[in-house]
Amino acid sequence: MDNNIYAIELENITKTFGSVVANKNINLNVKQGEILALLGENGSGKTTLMNMISGIYKPDSGSVKVNGVPVSINSPEDSKKYGIGMVHQHFKLVDVFSAADNIWMGTEGTGLLLKKDRYERISEISNKFGFDFNPRKIVANMSVSEKQTLEILRVLYYGAKIIILDEPTAVLTVQEIRKLFDVLRRMKAEGHSIIIITHKLNEVMEISDRVTILRKGEYIDTVNTSETNEQKLTDLMVGHKVNLNIARVETTFDRPLLEIRDLSINNDEGSKAIDSVNFYIRGGEILGVAGIAGCGQKELCEAIAGLRKVEGGQIIHKGDNIVGLPPKAIIEKGIAMSFIPEDRLGMGLAPSLSITDNMMLKNYNKGKSILVDRDSARVKAQEIIDKLGVVTPSTETPVRRLSGGNVQKVLVGREIDAGPNVIITAYPVRGLDINSSYAIYDILNDQKKMGVGILFVGEDLDVMLALCDKIMVLCHGKLMGVVHAHKTSKEELGLMMTGAKDISLINGKVAGIAKDSRIEETKEAEVE
Amino acid sequence: MTKSSKEPLIRVVKRQGIKTWQICLLYLGAVILALGIGAVLLLFLKANPFEYYEMMFTLNTVGNKMAYIQYETYIQELVPLLITSLALSLAFKMRFWNIGGEGQFFLGALAGAAVAFMIPTSANVFLTIFLMVVAGSLVGGLIGLSTAALKVKFNTNETLFTLMINYIALYIMRFFGETKADWNIFLRPDSERPKFNQIPDNAKMFTIPIGKFSLELSFILVILLVAVVYFYLKHTKQGYEIAVVGDSINTARYAGMKVNKVICRTMFMSAALIGAAGALRVSSVYALSDTISNDVGWTGIVVAWLAKLNPIGIVIVSALITILQCGSVVASSNFSNVDSHFADLLQGIILFVVLAADFFIRFKIVFRKKNTEKQSKEANV
């Protein structure tokens with residue numbers, strides 16, 4: 001094929017929503033057999049642009065060419081016809097159907113009957129691209145990564161030559177990402193053109209051939225990946241130089257605030273999610289929790305917050321065992337938990353209620369009055385909006401209308417405002433752009449300076465190495481060890497996360513038990 | 001650009017920043033359109049739609065010396081519907097699908113009637129009505145509480161449970177109405193055939209005379225109730241809990257709310273109010289019957305949703321629906337060729353068109369554009 005002809009070419013695309021310009025004169029092109037990374041902060045218009053290619057929106061002006069021919073994409077069917085397939089961030093699958101039936105559902109010209117050979121035909125395609133995939137599995141029983149595989153298989157099955165992936169790695173583990181990238185490379189070798197949207201610069205560097213950068217809806221530049229580096233890309237993306245280093249604030253540690261001993265917790269299915277885990281957090285310390293997704297992080301957070309039954313062991317807060325206390329009592333002890341689930345709204349916020357109403361979620365019950373104190377909640381909402389730069393029309397806007405980053409700021413802001421002495425935070429920067437992420441890190445560091453103990457459940461090892469004082473590693477619910485962040489490396493953490501290295505018991509010393517534990521003290525006191 | 005030739009003729013676009021008066025106008029337009037469709041049907045029935053509608057909407061009170069009777073009937077019909085709709089909105093706000101309004105109403109009515117027949121006839125009228133309401137709300141509330149308790153304990157489906165209790169309650173009512181026995185206090189002792197007895201005078205609704213018109217005490221109570229429910233949902237801690245539980249149960253648990261308690265308490269209140277409405281209804285119409293509910297348990301669901309669970313909206317919608325129902329009974333008595341069930345038909349048409357208007361409030365239809373710039377301003381994220 002002629003090198004000058006692009007698989008898909010966008011010229012001067014503009015799209016406005018009301019008074020908001022989401023995309024302004026965007027140019028983008030992808031060659032056959034090329035992987036293009038689309039980079040930009042939250043709200044820079046990446047998803048809008050891709051939605052126009054896949055026929056969900058229509059551009060106000062500008063032209064789209066597929067293989068050099070001008071086309072008009074008015075619907076997802078049109079887009080499918082031109083060989084464009086999109087894998088959305090939020091999967092569009094029927095939960096009760098098998099994988100094969102989900103694919104078959106949208107296939108044209110297959111007749112009215114479910115044919116028996118659909119399983120084989122889908123297996124064939126999945127083998128071709130190196131997927132390990134069971135087409136008979138029901139979607140409801142699939143892991144996130146399997147669902148994503150299914151989405152990719154589906155667009156491949158429909159014969160897509162141009163494939164768009166919207167933040168595909170946000171929900172995957174390190175291993176799964178590697179697998180995904182292998183598949184992408186194989187697709188590229190087969191002559192597919194791939195557009196991948198991501199926030200993670202290391203992934204951009206690893207997988208893409210070229211990078212197109214958008215900023216605030218405007219086209220900035222397209223660069224060859226081989227001629228750039230992470231620092232340059234960050235500068236292009238955010239417009240000004242951002243220091244990639246996260247400062248680790250040095251503080252003097254207090255005695256252990258929260259001590260976990262032999263803790264065992266079951267997951268929803270009744271199997272062990274956390275298995276005899278020991279650890280402790282001191283005041284003024286950030287303890288990172290590293291582990292492959294679904295290694296008991298969620299169950300651990302829920303158990304500490306009193307939302308999940310503890311099967312065995314102790315959770316000692318300032319010397320008191322809090323196992324079995326109701327969530328309200330735990331909140332009153334000053335333990336704040338903020339868990340950002342994959343959908344960002346599942347726990348911690350009431351999406352249809354206003355920011356004001358969400359502010360009083362945890363303390364609405366204070367005082368004897370039967371009335372809620374909405375006035376002071378409104379003041380607090382305004383404070384958090386001002387302090388953290390939440391972008392919202394007013395304090396009365398329902399939380400679900402805010403963008404992801406702003407939702408998280410509201411949540412974290414509220415948790416910190418309550419003046420906790422222990423903060424449990426899981427994935428606080430999930431899906432956030434760089435600036436918002438740093439705003440959150442700063443908030444956590446401020447809290448640390450004030451002597452708050454922080455448990456930071458994270459995904460990005462680089463961030464954890466820079467931010468945390470210590471990192472504990474979980475593998476299938478077991479503690480693999482606790483390491484000092486400045487003495488360890490990504491490689492070591494990786495080995496521990498996969499269970500290849502276990503330093504939880506060295507020279508008879510069990511990891512995660514403090515020398516100056518308050519538990520022993522109480523026991524001794526009892527003996528005396 | 002080649003794309004304009006392929007653009008579909010009609011597209012649906014989300015609306016943004018619609019003003020309140022525009023919404024009102026759309027709803028008004030919807031009602032007028034529905035009445036227009038009704039008018040066509042009336043023409044087929046060889047009735048003059050203008051005369052019919054005039055009679056319906058004025059309840060035939062214009063120039064009528066007996067107009068006060070129409071007003072009295074109107075209030076009598078409005079009160080149970082309004083209470084039931086308000087009560088249902090409490091449960092719906094929590095996303096608890098209480099479709100058992102009928103059953104709760106029947107049982108409340110039975111309990112109220114039982115008090116009326118058992119209390120000494122010398123008892124004060126206020127005390128009697130008060131005790132009837134207490135009995136009605138206790139029985140209704142306990143039935144509601146039981147469905148809520150089963151839901152939180154065994155995760156049963158509240159829709160099925162509340163629905164089935166409707167039929168149980170209906171047949172309990174019929175059982176009392178058709179079983180002639182010494183213990184059956186609800187029946188007339190002097191009649192050979194089983195027949196519901198009229199309640200004693202001291203259980204009959206207290207009325208305040210205003211000229212010839214007598215205002216039911218229950219109307220004043222229901223107006224107070226509207227204010228209370230509005231305030232309860234908007235400003236109290238319990239109302240806040242209902243909103244959070246309805247929005248996200250996980251979040252409610254996380255905030256330390258006792259979710260099960262909130263569900264049981266709210267459902268008790270919802271069903272208790274409906275039970276109270278049943279008891280008040282007995283006091284107002286003086287006798288039990290198996291049609292005493294006048295379908296408020298069902299109509300209330302429609303009212304609550306049309307009003308978007310807003311107490312003020314519920315007042316407006318139930319007032320209009322009651323006009324429709326009372327008015328068409330009046331009108332059909334003057335138009336021999338139009339059945340009184342025309343009201344149900346008209347109600348159905350209005351509901352359908354108003355729901356369609358709802359769609360147009362959230363979306364707009366855009367025809368193939370001639371002017372690119374203009375259209376670009378209409379879209380929304």
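Student: What makes strand 13 of chain A and strand 18 (residues 453-457) of chain A a pair?

Tutor: They share four bridges, in the parallel sense. Two strands pair if DSSP finds at least two bridges between them. Four bridges meet that rule, so the strands pair. Here a strand is a DSSP run (E, at least two residues), numbered from the N terminus. One facing couple is L287(A) and L455(A).

Tutor: This is a predicted model, where local features need pLDDT of at least 70, side-chain atom pairs count only at pLDDT 80 or more, and totals for chains, interfaces and linings use all residues. Residues are numbered from 1 along each chain as its sequence is written, while chains are lettered from A and ligands numbered from 1 in the order in which they are written.

Student: Why is strand 13 of chain A called largely enclosed?

Tutor: A residue is buried if 20 or more other C-beta atoms, placed from the backbone, lie within 10 Å of its own; it is exposed at 12 or fewer, and partly exposed in between. Five of the five residues in strand 13 (residues 286-290) are buried, so the rest of the structure largely encloses it. I286(A), G288(A) and A290(A) point one way, L287(A) and V289(A) the other.

Student: Why are strands 12 and 15 of chain A said to stand at the edges?

Tutor: The open sheet runs 12-11-14-15, with antiparallel pairing. Strand 12 (272-282) and strand 15 (320-321) each have a single partner strand, so one side of each lacks a neighbour in the sheet.
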